[in-house]
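Please keep the sequence and the structure in view while reading.

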Amino acid sequence: VLLGSGLTVLSQPLMYVKVLVQVGYEPLPPTLGRNVFGRQVYQLPGLFAYAKHIVKVDGRAGLFKGLTPRLCSSAIGTVVHSKVLQQCLFEGGCSPPDASSALQPGASKKEPVSSLEQVLKETSREMVARSAATLITHPFHVITLRCMVQFIGRETKYSGTLSAFTTIYREEGILGFFAGLIPRLLGDILSLWLCNMLAYLINTYALENGGRAPLWGGSMAPRGLKAPFLLPQVSTMAEMKSYSQAVTGFFASMLTYPFVLVSNLMAVNNCGLAGGLLPYAPTYSSWLDCWSQLRREGNMSRGNSLFFRKVPTGKRYVWE
């Protein structure tokens, strides 16, 4: 919990800027810069320019708006996830896999460590645990987003966590605490299954079957390449599998990003804040309506990148 809280604090400015970009708030005009290929293009302000603007308006403390409810969400989510996962393991009558079983005499070295059935069971348990944590902590997530979006209209409607609970319940009822929950749940579930199934396929059919492919090192090094400049050789299959897990996780998060965007927009839409109203966003009838409009406008990836933000052709931006 302490480690998670520390990471939450460090990543707060990044999330703050990301949320404002997702809403469509552009306080600074585009500037003429160069893309990764060296061509001159008009670019929207990146992470550091955006953060510098926030500091100029609200000071350094302004970068941490919404931190308290986000810390509550992180701590409660970690506890709920752990408890639900333990309960799933207990009810399933299983225990964590024993690493020593892979070292038993006679075991085939080419046999996958995890069978498809095991991966399906573990992913299902993780899905239940994550969904429970998301469901319980979503009200804190909604408050976090609204505290951040207040920067646009300079409101103070959601000035405290407890008072925010009262405000949302009075104006929107219980359902207000779960605005944007469905796309968030769907995105989490799809990302989890994509990540785990892709990692299983790569580990089983690519690494296990191709694990003996020659790597640079020793006698296999190209002639003329001195030892200090040799590429680091991946020594164990476990390391290669950990890399594949990271790659598939990144790939899955990219594919499911539209769900994150739609969820965040629905959490602040028509809540009485300037950032949830025109000209930043119309009033959406549902998250599907939000998805449809973003898709027509070509904004499904808005906020996905905070660097090299090229101004799309044919689009207009209003800045202060």
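A helix here is a DSSP run of type H or I with at least four residues, and helices are numbered from the N terminus. By that rule, Q87 has its place in helix α3. The model is a predicted one, and its protein chain holds nine helices and three strands.

**The chain as a whole**
- When the protein chain is read along its sequence, the elements follow the pattern α-β-β-α-α-α-α-α-α-α-α-β.
- Of the 320 residues in the protein chain, 37% are buried.

- Three strands make up an open sheet in the order β1-β2-β3, and their pairing is antiparallel.
- Because β1 (31-34) and β3 (309-310) stand at the edges and each has a single partner strand, one side of each is left without a neighbour in the sheet.
- β1 and β2 run antiparallel and are joined by four bridges, and in this pairing T31 stands opposite Q43 in β2.
- The hairpin formed by β1 and β2 has five residues between the two strands, and G38 in its turn has a positive phi of about 90 degrees.
- Strand β2, which covers residues 40-44, also pairs with β3 in the antiparallel sense, here over two bridges.
- Q43 in β2 has K310 in β3 as its bridge partner, while Q43 also stands opposite T31.

**Two helices that cross**
- In general, two packed helices are described by the angle between their axes and the distance between the axes.
- The axes of helix α1 (residues 2-23) and helix α3 (residues 67-92) come within 10 Å and cross at roughly 140 degrees.
- An angle over 145 degrees would count as roughly antiparallel, and 65 to 115 degrees as roughly perpendicular, so α1 and α3 are described as oblique to each other.
- The crossing in which α1 passes α3 is right-handed.
- On the α1 side the residues that meet α3 are G4, S5, T8, V9, S11, Q12 and M15, and on the α3 side their counterparts are L67, R70, L71 and S74.

**Helix α9 and its two sides**
- Helix α9 spans residues 287-297, and its buried residues are W287, C290, Q293 and L294.
- The exposed residues L288, R295 and R296 are carried by the face of α9 that is turned away from its buried side.
- After α9 comes G298, whose phi is positive and near 75 degrees.

**Two single residues**
- What is the relative accessible area of T134, and is this residue buried or exposed? T134, which is found in helix α4 (residues 116-153), has a relative accessible area of 7%, and because buried means under 20%, T134 counts as buried.
- Leaving aside residues up to four places away in sequence, T134 touches L181, R184, L185 and D188.
- Q87 counts as partly exposed because its relative accessibility is 39%, which lies between the limits of under 20% for buried and over 50% for exposed.
- Q87 and A129 are 42 residues apart in sequence, and their C-alpha atoms are 9.3 Å apart in space.

Technical notes: Residues numbered from 1 in each chain as written. Predicted model: local features only at pLDDT ≥ 70, side-chain atom pairs only at ≥ 80, totals over all residues. Heavy atoms only, no water. Buried < 20%, exposed > 50% of the residue type's maximum accessible area, 1.4 Å probe, protein only. Pairing = 2+ DSSP bridges. Axes fitted to C-alpha atoms, helices over the stretch in contact; angles between N-to-C directions. Parallel < 35°, antiparallel > 145°, perpendicular 65-115°, else oblique. Left-handed = near helix turned anticlockwise from the far one by under 90°. Contact = heavy atoms within 4.5 Å.
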